[in-house]
Amino acid sequence: MEQLIEQLKSQIIEALNFEEMTPADIDSEAPLFGEGLGLDSIDALELIMLMDREYGIKLADPKAGKQIFASVRTMAEYIEANRTK
Amino acid sequence: MLDGQPIATQEAGDKMLVELYRKYAGDYPKFFKMDTLCRLGWVAAEILLKKQSVDAVILANCSASIKNDTDYLATISEGKYYPSPSLFVYTLPNIVTGEIAIRHHIQGETSFYILEKEEQLEPIVNSTLAAQPELCVMTGWCECSEANKFYAKLNIIWNN
């Protein structure tokens, strides 16, 4: 799980163009939206694309997104349980 | 160049825009999400608007958002269909004027024209100033046709 979290942080930095950030700057438990990384709705779409592209996960229920994208750790847990690649 | 005086830079291409951002702004992380055209217009405005505020922004170029459009197209190519939302956002050039207006709280006209030649912009701006003589307008050419190839020339003009 910790390895997946670190990999996911790197993928988020690349997908969202956080050029000044390293994986160490992202708190695994911090909220991705609002506080923490302060992501917006376009970033949310980018994360959905990332999960599809890298892990073969298609989010069928948009309401589930709030829970999945609560933090990097919750995202990694969802990926671990649902990945197809 | 600013008012005819060169601005010293160490970097070239897109990295130069990041260097200028760090030198003249540095407090707007959204800059890193922008495409090259938007970074170019935004950072040029950031430098110019330190001297004076304006009521309107009227920019133009001849290639629209072609560089970013091409990047976006690569994400929807056959066999690799992962359309990037963050690239899609910049597939219109007028987002440049929008980003500048948001940053500098400009609530007047914001327009981005696609023109063949730079001199075609002048009558458009003159028309705006004729209709609203009290306006102070930031206007100019903001062009990025491919990676690391760009040009911007911005001016602030008003009626005497």
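Visitor: How many residues of chain B are in contact with chain A?
Guide: 11 residues of chain B are in contact with 15 residues of chain A, contact being heavy atoms within 4.5 Å. The model is predicted, so local features need pLDDT of at least 70 and side-chain atom pairs pLDDT 80 or more, while totals for chains, interfaces and linings use all residues. Residues are numbered from 1 along each chain as its sequence is written, chains are lettered from A in the order written, and side-chain values use heavy atoms, without hydrogens and water.

Visitor: Which side chains meet in a salt bridge between the two chains?
Guide: Lys33(B) and Asp43(A), at 2.6 Å, N to O. The count between chain B and chain A is one; a salt bridge is a side-chain nitrogen of Lys or Arg within 4 Å of a carboxyl oxygen of Asp or Glu.

Visitor: Is Asp43(A) buried or exposed?
Guide: Asp43(A) counts as buried because its relative accessibility is 3%; buried means under 20% relative accessible area, exposed over 50%, partly exposed in between (1.4 Å probe, protein chains only).

Visitor: Other topic. How many salt bridges over all chains?
Guide: The search finds 13. Among them, Lys58(A) and Asp52(A) meet at 3.0 Å, N to O. Lys58(A) is exposed at 66%, whereas Asp52(A) is buried at 13%.

Visitor: And what does Arg39(B) meet?
Guide: The side chain of Asp14(B), in a salt bridge of 3.0 Å, N to O. Arg39(B) is buried at 3%, and Asp14(B) is partly exposed at 22%.
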